[in-house]
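Student: Could you go through this structure with me? I would like to start with the terms before we get to any particulars.

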Amino acid sequence: MKAVGRVRPVYLIILVDAIGFGLLYFYKKPYDNYILLAGLAAILLITLGYLAIKLAKLGDGYLFLIAGMLSSIGIIMLYRLDRELGFKQIIWFAAGIIMFFISCLLFRALHIWERLVYCYPLASLLLFAVTLVFGRSIKGARNWILIGQFSVQPSEFIKILFVFFAAGFLSRYEGKLDEAGELRIGKLGIRPVFVLMGISFMHLGFMVVQQEWGTALMIFLVYFMLFYVFINKRIYLIINAVLAVMGGTAGALFVNHVRIRVDTWIDPWKDIAGKGYQITQSLFAIGAGGFFGTGLGLGRPDYIPEVETDFIFSAVCEEMGIFGGVAIVLLYFILTYRGFKIALSIKDQFMKILAFGITLIFGFQTFIIVGGVIKLIPLSGITLPFISYGGSSLLVSYISMGILQAISAGPSARRAVAETPSTGNAGPAISEVASSGSGDAGSIEEAADAKRAGSVAEAGESGGVSPSGEEES
Amino acid sequence: MEKQNRRIIHVLIFMSFLFLSIIVYLTYFETFEKDRILTSSYNRRQWEQEDTTQRGSILDRNGTMLAYSKGTGSKQERIYPYGRLYSQVIGYNSRAYGKSQLEAQYNNELLNIWEFSPIAGLKNILSGEPKAGDNLYLTLDHKLQKKAEQLLGSKNGAIVVMRPKTGEVLAMVSKPDFDPNSAQLAQNWQDMVESDVHPFLPRATQGVYAPGSTFKVLVSAAALGNDVGGGTYTDRGSIVINGMEIDNYRKEAYGKIDMTQALAVSSNVVFAQIGVELGERNIRDIAARAGMNRDIPFDLNVSVSRFPYGAMDKTDLAAVGIGQGRLQVTPLFMAMVASGIANEGVMMKPYLVDRVVSPSDVVIRTTQPEVFSRLISPEIAADVNEMMQSVVTAGTGKSAAIRGVKVAGKTGTAQNELSGVQKNKEHSWFIGFAPADNPQVAVAVLLEYGGSTGGKAAAPIAREMLRLGLSEG
């Protein structure tokens with residue numbers, strides 16, 4: 001990372017924001033001074049957040065910068081589409097950054113997360129029930145609830161709750177997932193893996209009922225990858241694959257909504273004025289942009305329906321070109337790569353699965369919506385993390401990112417100290433891992449870590465994950 | 001833990017593949033797909049440009065105005081002063097129905113859209129002048145075009161007139177045609193779309209027909225190049241090859257004749273034998289050299305002229321020898337074949353747009369003649385040229401003769417799917433060029449389902465086109 005020299009990534013973000021908001025200032029007469037203020041606010045938020053992470057030694061230095069860059073592009077694009085939305089998005093962005101730090105600090109401070117295994121699906125169930133009862137239909141799907149004057153999309157929160165549940169469950173029953181009678185419901189002994197499958201399919205069911213096909217697909221992909229990595233018996237992977245193929249085929253054949261999506265993916269030109277309208281308008285926009293784009297404010301992304309949320313990527317492609325679009329895809333790719341790196345280097349099983357799951361959500365969500373709007377795969381409307389307009393989406397993205405940041409920082413001082421008196425209050429998951437005696441190098445190392453004094457342990461861990469000085473010259 | 005980390009890396013590789021596929025698909029879309037879709041009438045962007053840009057005019061080679069826009073801004077109306085005359089070349093430009101032919105292919109030039117046009121347009125924004133698109137000067141000659149249209153009259157078919165040495169298209173008429181002016185287009189649209197004579201099919205470039213005896217020109221060229229057909233043949237008016245009976249027109253028997261005489265009288269009996277003698281490799285070779293089974297680069301979309309054979313038996317060779325069987329060619333292709341013989345065996349790339357000129361009369365781009373394919377050697381071309389002259393002086397093409405000018409040509413009467421079941425449904429062909437000793441004009445005439453021989457129906461039309469072409473030249 002020495003090659004970076006004196007040009008720190010944060011300077012690049014400042015440059016992009018300065019150019020973007022500067023162009024927006026000249027875009028429309030009468031000149032709007034608030035745009036410059038908004039740009040200044042965005043730059044300030046990102047720089048301060050970045051400094052805070054550096055000073056507090058909160059681990060990976062790139063995560064926040066990438067999120068900041070993506071949000072900047074999103075705000076610039078939204079501002080250009082609709083001034084009011086741009087302003088709202090800045091407020092959400094500020095709230096998101098606050099939530100980022102709150103969730104990061106809370107996650108590090110409290111050590112209850114892996115013990116709450118069953119609370120997460122219960123919370124999901126509750127959210128789902130509330131949506132069903134009090135839900136409002138926006139754009140056909142009944143998946144919004146109104147709180148005061150805000151509309152909230154509970155499915156955004158359900159996906160992160162699902163990852164927490166899966167991480168807690170998988171780490172608790174590590175190595176014993178396939179043992180009959182390991183988990184008891186009343187007198188009935190049951191293999192934990194079936195409980196995992198059942199609760200996961202319950203989440204999937206929520207999404208299907210709410211007709212959130214994109215989120216359903218994403219949850220399934222995350223679930224399937226968790227099975228691939230953390231469950232040794234391949235038969236369960238095969239069962240899930242067969243179920244997925246069957247479910248997918250049945251959906252494509254019998255569920256009208258899914259069939260229409262597949263049909264318009266295969267040939268949107270057939271019904272260009274009707275079902276194919278959205279996707280063809282998106283393709284027109286991407287085509288109109290060419291490699292270099294029409295230039296900010298010079299295209300007509302406003303012709304695309306739902307351009308602020310699902311189709312924002314097409315708008316970026318139209319005005320910033322394919323190169324702009326590819327740059328964004330690469331930013332997500334680096335983000336995912338950093339996430340995988342964190343998951344690989346973490347020893348704690350719960351944290352590892354959690355980091356892996358959150359990263360997968362970012363990765364798959366990006367692929368599903370970007371692939372959808374460019375007609376690589378059938379379109380299913382979900383938001384593009386950090387860029388699309390919307391409070392729920394932005395907040396959940398920043399909360400997830402905050403947790404990933406906390407994990408990258410390694411175990412906190414308090415945690416290391418708390419683990420010193422051994423199995424006492426470290427929680428069932430860890431003690432089970434340790435006592436299962438599977439000869440796992442990770443748990444032994446962790447025990448050794450825990451015996452060291454707090455600050456030493458922290459330095460050691462964070463060195464393994466992401467040296468805080470990594471991108472400093 | 002090791003195993004899990006290894007699997008996490010597998011997932012990372014999978015994820016990289018997903019991201020890469022987005023980038024590859026975007027690039028593919030931008031390079032190959034977008035030009036095809038952007039002219040759709042549902043793409044409102046093109047009208048956006050139209051509202052701020054005065055669409056360029058289209059003129060013939062001598063500056064005759066063929067299409068222009070009246071009015072300014074969104075009130076612009078596209079005027080085609082000659083109505084149907086150029087409908088199958090220039091096409092239409094309609095807000096309701098989109099664009100076709102040259103109006104679609106050259107939309108970017110006519111509206112002055114290119115990567116840096118926003119920067120170039122700054123001057124207009126500052127000066128307040130409306131932007132103007134570039135004008136197209138075609139290679140077409142209005143007099144020839146008008147004559148061709150008159151000669152076709154109410155018959156369906158196509159006439160293509162070219163300069164053999166450059167590939168310039170001097171006239172290109174397809175019938176049936178339509179009135180491309182907006183009001184008439186709107187009035188007749190439904191009828192024309194549902195009509196079974198397909199008025200929107202530009203016969204000259206996209207109609208495909210059996211070449212009939214005109215194909216014997218290529219067979220002769222192949223025979224001369226491979227030392228086949230040197231002796232004399234005995235023509236009894238009919239021959240059985242491999243169980244298939246092949247007859248001359250009206251079973252006329254010509255007795256002992258050589259290949260030159262056989263071409264002049266268009267003896268099927270002789271050319272079926274020559275086809276068999278040439279064999280699959282030589283026949284396939286001449287078809288490939290002529291550009292069959294290959295896209296012809298042109299300013300309009302051209303259907304591929306097909307030589308659709310796998311392994312060929314004697315029956316196939318005999319059928320191809322007389323231009324029947326499953327051969328499919330466009331009138332433009334046959335005009336290129338005639339031009340190729342005329343131009344000493346070199347087929348030139350055909351073109352319609354001579355130059356693109358800016359509104360301030362600066363020439364932006366001039367089309368340079370390019371070689372399409374080297375068909376045969378100059379010596380063989382000279383021999384075929386002489387053989388084709390004898391068609392006009394002593395054979396089936398006498399009605400193409402012009403006093404004082406040496407004319408070379410070949411007639412064709414092509415059987416088709418209708419001529420088998422009904423009487424008088426053959427296509428009539430004539431291809432030729434003049435003056436034979438210094439070719440200036442080449443022509444292909446096709447009359448669809450005319451039921452008359454090429455010599456009777458098509459040759460007189462070709463004569464008139466050649467005569468006018470020479471006097472214009």
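Tutor: Let us begin with accessibility: a residue is buried under 20% relative accessible area, exposed over 50%, and partly exposed in between, with a 1.4 Å probe and protein chains only. This is a predicted model, in which local features need pLDDT of at least 70 and side-chain atom pairs count only at pLDDT 80 or more, while totals for chains, interfaces and linings use all residues. Residues are numbered from 1 along each chain as its sequence is written, chains are lettered from A and ligands numbered from 1 in the order in which they are written, and side-chain values use heavy atoms, leaving out hydrogens and water.

Student: OK, is B:Arg289 buried or exposed, or partly exposed?

Tutor: B:Arg289 has a relative accessible area of 36%, so it is partly exposed, and B:Asp285, at 39%, also counts as partly exposed.

Student: And what does B:Arg289 form with B:Asp285?

Tutor: They form a salt bridge, with the closest N and O atoms 3.1 Å apart; the term requires a side-chain nitrogen of Lys or Arg within 4 Å of a carboxyl oxygen of Asp or Glu. Because the two residues are four apart in helix 12 (residues 268-290) of chain B, about one helical turn separates them. Helices here are DSSP runs of H or I with at least four residues, strands are runs of E with at least two, and both are numbered from the N terminus.

Student: Switching to the interface, how many residues does each chain give to the contact?

Tutor: Chain A gives 58 residues and chain B gives 35, where contact means heavy atoms within 4.5 Å.

Student: Then which helix gives the most to chain A's side?

Tutor: Helix 12 of chain A gives the most to the side that touches chain B, with 13 residues.
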